[in-house]
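This briefing is for a reader who is new to the structure. Please look through the sequence and the model before reading on.

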Amino acid sequence: MRTRSIVLILLLLGSSVPAFAAGETYLFERGWGGLGTGTGQFNYTWGIAVDGNANVYVADFYNHRIQKFASNGTFLAKWGTYGSGNGQLNHPTSVAVDGTGHVYVADYYNHRIQKFTSTGAFIAKWGGIGSADGQMTFPYGVGVDRAGNVYVADYYNHRVQKFSPTGAFLAKWGSRGTDDGKFQFPCGVAVDSHGTVYVADQYNHRVQVFAPNGTFIAKMGGDGAADGDMHYPTHIAFDAADNVYVCDHGNHRIQKFTPARVFVTKWGTRGSAWGEFYSPTSVALDGAGTIYVADTNNNRVQVFSRQGAVPTPNTTPTPKPTPKPTPTPTPVPQEPYPAPHAPGDAIRAEDFDTGGEGVAYHDLEPANLGGAYRPAEGVDIETVGGVTNVGWIRAGEWLRYTVDAVANGSFGVVLRAANPDPFAKAVRVYLDGVPAGEVVVNGTGGWGAFAEFAGPAPVTVSKGRHVLTLAFEGVERLNLDLLSLPVTGPTVTPTPTVSPTSTAAPTITVTPTPTANITPAASFEANRTFGEAPFAVAFKDTSKNGPTSWTWDFGDGVGSSQQHPVHLYTVPGTFTAGLTATNAYGSNTSAQEIVVVARLPYTLPIPADGSRIPPNTTVGVERGSTHGITVDAMESAMVLRKNGTGEVVNGSFVDGRIRTYTDPLGRLLGSRGWLNRSYETLENGTQYDLYYGTDLVASYTAVEYPVLAVPGCNQVPRDGDRDGLFEDLNGNGRPDFADVELFFDQMAWIAEHEPFEAFDCNANGRIDFADVTWLFNHL
């Protein structure tokens, strides 16, 4: 490799000489808690705060309550039950105490802040789900300043809101992004003695610092495990001198910085012994500088003091608890569960391999929170709406499934999942430890609204045993029901297997024995018949008269003998899917047409019930080197007009067919006859509006990004995946390390001559070395 390439790799990998500071030492002093619902027990210690009398308040997340203790751990009070009424709580995440002793609680799933007296008497509430001023979507953190003003980390609105002590809205700042002043899921918020606001910007792995009015001042951190780095920080606290303490959640530690944000020391590693942490979420200090940590996944509170400092006196001195020794379990080998899986199977998500934590799965909570199936495993399994699924998914977790291929071939990956949020989430797929793409799970509208999502290009395997891993990297709040592996290569012959089921899980289909000498009447249902490649279809046999075997021909050279198969169409085309149902008295065949397109047009259909679509809907913005758009338009009722002038734009006929439309939950809206028209000569930067009669259906903006050949290349850059980023800089048909080198060498030229939107990989509004790093990391 050339010297320049070596230097570039070193830069990309961030090699540097670490600098060490002489740090202070913090010693474990005492602790209390344990998993349970009793007094003084916890089910996830999520938030912690200390009042002026050194009383400790803990947000007991899954017990839906606040518990109050003396500084030595003596229980004093508790309040809250599950619900949405005044004083009730639904997963409290944060707690703060003002100078007068009033207690503020971030009531996460109720999307509100509640205010209490120090004994738990309800005073007030404000919030409500939404993004308007004063509304909140999953408030994660709450903090107060010396004037009693309340600051809220509005997690899913990616902002901070400021309120008066009575809940009157005062100010807000932030939006989603990586730039200074922007957030990605802000977790914790705290205010120092000067009114400076610190925000734990969790998914940007940093803490941002603001003036009381929201003006950006500074930032600290950056993803990593070195001194001063952070990995999903969740909370901040201060001592009397305004030294900064950061709860470094993903690194299982607490870090201390000076008021000038210079690293001082750190303590903690992952574990369950005293002085160790398991995903701590919150930190607080009393007036004497004693530090209290909510050790979340260990379900306890730990207390620390600086070496040489005078310990906080206990009312009743208690010895440091000694954890009971945990017997070393006999290792369980990694094997498929409950029986071998093969290409072509639909695997229940909860049927991950045996082997336990770190082998078959990684789960941030040691217990099975749902307990609906395999209760001895650490994966959280629940039942929602009659569907048993893997729930409580958090960033950093993963699941493994062993797959036995009886021959060389290929298969796709399809997930049946529910995403309650309005934005998409990408689940990474690995085969035998090697990245194999990702499955993008769009919002489905609720925890129990399951839908199927096709994954990456088909995975090629050789005959033998393979391990498939689903990794939730930066992804959480999903429910996962099924993992289907539709066969895409004709040389893989799946071995039909039937997985046993648990209560409320999908049941085994028992084939009835024919009661008369009668041939089957073949019929089947397809969950969808039109879509963009790769396109997964779940087929359900509905044949009558007792068939005993099923032969499927999906129309693309692939078949199946399963009763209810899932098939992945990988290329565009019109396919005739057929089922032949057979029993001892004969056979019968039924067929349906499946239409798979290369790329769906930007379209918003008129609902079958005739209801009006909201005007000014933004359907899409064209990115790339073309500014044409293609829309579905009904015969003469729909026209495209130039915004402002109303000038009608004529499009060219593409094709005409019956389209079937469903809503986001999969319910049929109806079928319509549509003409597909293509508009290829639009003006760059101009808005065009699609009308149905006089009703505005959708708006399009034509944007042209002409890209130029980078010096030293004969081909223009390419956007192979049509995501608007031209990762293939040298135009050779694939993104590879040569493109990284070219980007590094020609960074200044690209910034001056190319449209920056096409090469701004990290979306920070400029071309810089961070874009080169992004490209390297995404090869």
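This is a predicted model: local features need pLDDT of at least 70, side-chain atom pairs count only at pLDDT 80 or more; totals for chains, interfaces and linings use all residues.

Leaving aside its neighbours within four places in sequence, which residues is Asp421 in contact with? They are Phe138, Tyr156, Gly443, Thr444 and Arg477.

**Asp421**
- Asp421 sits in a loop, with strand 31 (414–418) on one side and strand 32 (425–431) on the other.
- Its relative accessible area is 4%, so Asp421 counts as buried.
- Trp447 is 26 residues from Asp421 along the chain, and the C-alpha atoms of the two are 9.0 Å apart.

- Three strands form an open sheet in the order 38-40-43, and their pairing is antiparallel.
- Strand 38 (524–526) and strand 43 (566–569) are the edge strands, each pairing on one side only.
- From one strand to the next, the twist averages 25°.
- Strand 38 runs antiparallel to strand 40 (residues 535–541), and three bridges join these two strands.
- Glu525 has Lys540 in strand 40 as its bridge partner.
- In general, strands of a sheet pair through backbone hydrogen bonds, in either a parallel or an antiparallel way.

**Cysteines**
- The count of disulfides is zero, where a disulfide requires two cysteine sulfur atoms within 2.5 Å.
- For Cys187, the closest cysteine sulfur is that of Cys247, and because the distance is 9.6 Å, the two are too far apart for a bond.
- Cys187 is buried, with a relative accessible area of 1%.
- Cys713 is also buried, with a relative accessible area of 18%.

Key. Residues are numbered from 1 along each chain as its sequence is written. Side-chain values use heavy atoms; hydrogens and water are left out. Two strands pair if DSSP finds at least two bridges between them. Helices (H or I, at least four residues) and strands (E, at least two) are DSSP runs, numbered from the N terminus. Axes are lines fitted to C-alpha atoms, for helices over the stretch in contact, and angles run from 0 to 180 degrees between N-to-C directions. Buried means under 20% relative accessible area, exposed over 50%, partly exposed in between (1.4 Å probe, protein chains only). Contact means heavy atoms within 4.5 Å.
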